[in-house]
Protein chains: 2
Amino acid sequence: MFGLGTIDPNVRAIGGSQEHDLHRRAGQIRAELQQGVSKPFSDVIDVSSGDSHLTGMMPVTFVRQVIAACLCPALIHSDDLPVDVRRRAQDLLAQLDGESMGSYTDSCGAPNVQRSVAEFITRRDGGVPASPQNIFICGGSQRALALLLEILIPNDGPPYTGVLTPVPTYKTFTMLLEETGTVMVPYQLCEEQGWVLQIDELRRALRDSRGHCSPKVLYVINPGNPTGHVQTMKSIAEVIQFAAEEELFLLADEVYQDTVHGDNSEFISYKRVLFEMGGEFSETVQMASVHSASKGYMGECGLRAGYVELVNIDHTVMPFAEWLIGTKICAPVPGQVALDIMARPPQPGDASYVQYTQEVQAIQETLVHNVRRAQEVLNSLPGMSCQLPEAGIFVFPRLQFHPQVAEHAKKAGVDADLLYSRRLLEDSGVCVSPGCEYGQRDGTHHLRLCVLIPTNTLDEMLTRLTRFHLRFMAEFF
Amino acid sequence: MFGLGTIDPNVRAIGGSQEHDLHRRAGQIRAELQQGVSKPFSDVIDVSSGDSHLTGMMPVTFVRQVIAACLCPALIHSDDLPVDVRRRAQDLLAQLDGESMGSYTDSCGAPNVQRSVAEFITRRDGGVPASPQNIFICGGSQRALALLLEILIPNDGPPYTGVLTPVPTYKTFTMLLEETGTVMVPYQLCEEQGWVLQIDELRRALRDSRGHCSPKVLYVINPGNPTGHVQTMKSIAEVIQFAAEEELFLLADEVYQDTVHGDNSEFISYKRVLFEMGGEFSETVQMASVHSASKGYMGECGLRAGYVELVNIDHTVMPFAEWLIGTKICAPVPGQVALDIMARPPQPGDASYVQYTQEVQAIQETLVHNVRRAQEVLNSLPGMSCQLPEAGIFVFPRLQFHPQVAEHAKKAGVDADLLYSRRLLEDSGVCVSPGCEYGQRDGTHHLRLCVLIPTNTLDEMLTRLTRFHLRFMAEFF
């Protein structure tokens, strides 16, 4: 019968996620509070994930209204909805197969959504052309990455494919590598310089990987998660040159592109830089870029929608990519509609333009305010230091613990930042994500906190964290 | 660089799908018609997929209203929606993380949806208990099957795992087997007896497979797709006994359970029979059953939602199943809500009960009428014979061609039923699915047609098919 002896060894090799346990424990505590168990706090504030609606951020009204009207075409005739919502829903339905959200779209996405996304990318990249047939709509960026790895990674034994991966990186990506039997080749980002990517470190990582795997893919996250670092055009060009020299496939995770908030920072896409480097690069370097409706101002994680753009993919591979994506059936249609709106937001003069713009702006202002506020408070705490992120929805402070904490954690068989996070959750009802989930230099410890949350929730969270932190640090001095 | 030499050999080994080409060609023809190209027909009728909304079947209003209200909570206060819709949306939101459709749920599904599904199964199976923690909510039944194969199939070289698979079977499943590097072990269903599953044939298939793979999984589709056959309790018990004797994992695809329309047919679940066979079986045979919101009266393919129930899974495997599912992030939340409604439809006394019941009944009546009508017309055609299906939304008639057709097809390098289907599409604008996509006994030919379509569309389709068929058959006599 099936037991551990018979299941896939890639799956078997993997332990459970500690972050998952924290999230689960947060749910249990919430249930205990509902059952009337007495705690030193009245609710759980969960800032461990990048799910902004979870902590009370509101959805963008226009997005929801259009999807609702597509689902219930009767609403297209309702005066309750703005005229541009109704027109948009009507246009979208007319282009969907069966004129219904209940029909499959093409496996690679509804053609009109592919077109909208291609136009969005072309505008974003100052005219560098994007073609709808290179856009694949997927059920979220993680599905897109899984698919890309499935296409790229031969699953036929040693030498195993290596994927150059930044450290720190978020957990679901490293889980994906483990699951596909791929070797993660870590390259360290430099915290002291604001988590910058250093080409020399890439070279070192690649050199060290030779012999125990076959490095073929370079994974970059820009803007960084969890770091919030934004690469300059120069840095991106260096990475592209490195990928070209070493014949690496460039996998660019750009899901935080809409959340740049640093004063002097700007998002520039890998594809744009690639094309500005001229034919030697723009016609040869193979790359993929992923984006999503889950992050940034939309925050529509639950709708599951993202896309991947493929660039310079060998024409012999393309039909197989299409085939493989074809076996996955299509992405959920409500999410595809959200992507279409991300790509084609209301324009000046449209009935919803003012409300849409105000809502998006308010979300962005909350983010900017919260990032600065969190960094300020965290930096004021003893044993805590926090780089100011330039983008994304997280802060990633470093913890400097007394050696006793490390000893204590070692005895408990956990990382010191996980020990800290567990205590923080039990004592204060604040659920954060420990640095050990992301990978970090030996002996360093971090926390990741989502700060795209309502400002009063942020204040409450920081108050609880401060109180806990001071007690925790005092305990070990 | 990446080329055919470097991509996954499982992916590389696979050719394109011919059905996919037909579907694509149907799209091109539709575009040509819009551009004013003259054809002997004014529109394309696409009955090649199991997507009933595609050909004009309407969604169930209650499903769409609840999802719309969950997306736009302002609608909860609108008098435009029935009171039970508003209450249901309010209840659902209160139980969702972040009280938003935009938040992730647990990776295995929203706990309230898991509970609803478990209660639905328990009711369906006359009290045989189902437990929410054995229910995994996925983005459609194909996602569920892919996940199960990923958990069950060791991906570590020969001997490759064999999966006993009915012939005919639908294409996405065989594509999935190819993609996971699994060996399909075909067992033939008996067309002459209404596509019945014969245990002796299972034994033969298993025996013949030994030596060139390691058969570990028995895949059954009940009600059958494309056959529409419904297994009796006795037949199911025989299959379970066989699986127990041969220590096979039983993978039961039961997505057409709500579409039984045969006069003397009844859907009985594998799990129910398993439990009625007593402890020797009910505590040992490992199985999984999948179901979906895409098929049957809902037809919500575009929302992407299904579930799998695991039974008797080794406790050492369960955490890995959870882990693996965890890396996939959650199923789209609008689809999860559709599943919840499938599991908990409106009850007598609820404001929407009458409309809901009438709509579902009308869909079922259309199905019953169309199946009989299609079978009657097809059986009246020379060289065509059609078993009367007892369930599902398809008819799967057999074609008997003149030997010249086979010769002609051989020259063109295609199966005769694909040749027929292409000509049918070009000449009449009717897109069907050729039997070669499903697998069939050598020398036999079939077509699969979806008949859950509006009755006037069915009539038009049958008229065009009849006209084409008579011309085609005359051409070769």
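At what angle do helix H3 of chain A and helix H3 of chain B pack, and how far apart are their axes? Before you look, a word on the model: it is predicted, local features need pLDDT of at least 70, side-chain atom pairs count only at pLDDT 80 or more, and totals for chains, interfaces and linings use all residues. Residues are numbered from 1 along each chain as its sequence is written, chains are lettered from A and ligands numbered from 1 in the order in which they are written, and side-chain values use heavy atoms, with hydrogens and water left out.

**Stop 1: the two H3 helices**

Select residues 61-71 in chain A and in chain B: the two helices pack at about 175°, with axes 9 Å apart. Helices here are DSSP runs of H or I with at least four residues, strands are runs of E with at least two, and both are numbered from the N terminus. Axes are lines fitted to C-alpha atoms, for helices over the stretch in contact, and angles run from 0 to 180 degrees between N-to-C directions. H3(A) is therefore roughly antiparallel to H3(B), a label for angles over 145 degrees.

Now show the side chains. Arg64(A), Ile67(A), Ala68(A), Cys70(A) and Leu71(A) meet Arg64(B), Ile67(B), Ala68(B), Cys70(B) and Leu71(B), where contact means heavy atoms within 4.5 Å.

**Stop 2: Cys386(A)**

Next, pick Cys386(A), in the loop between strand S9 (384-385) and strand S10 (394-395) of chain A. Is Cys386(A) buried or exposed? Cys386(A) is buried, at a relative accessible area of 5%; buried means under 20% (1.4 Å probe, protein chains only). Leaving aside residues up to four places away in sequence, Cys386(A) touches Gln375(A), Leu378(A), Asn379(A), Val395(A), Phe396(A) and Pro397(A).

**Stop 3: helix H7 of chain B**

Move to residues 171-179 of chain B, helix H7, where Phe173(B), Thr174(B), Met175(B), Leu176(B), Leu177(B) and Glu179(B) are buried. After H7(B) comes Gly181(B), with a positive phi near 70°.

**Last stop: all of chain A**

Zoom out to chain A, with its 17 helices and 14 strands. The C-alpha trace spans about 65 × 60 × 60 Å along its principal axes. Buried residues make up 63% of the 477 in chain A. Of the contacts in chain A with a separation of 6 or more, 71% join residues 24 or more positions apart.

Technical notes. Buried < 20%, exposed > 50% of the residue type's maximum accessible area, 1.4 Å probe, protein only. Parallel < 35°, antiparallel > 145°, perpendicular 65-115°, else oblique.
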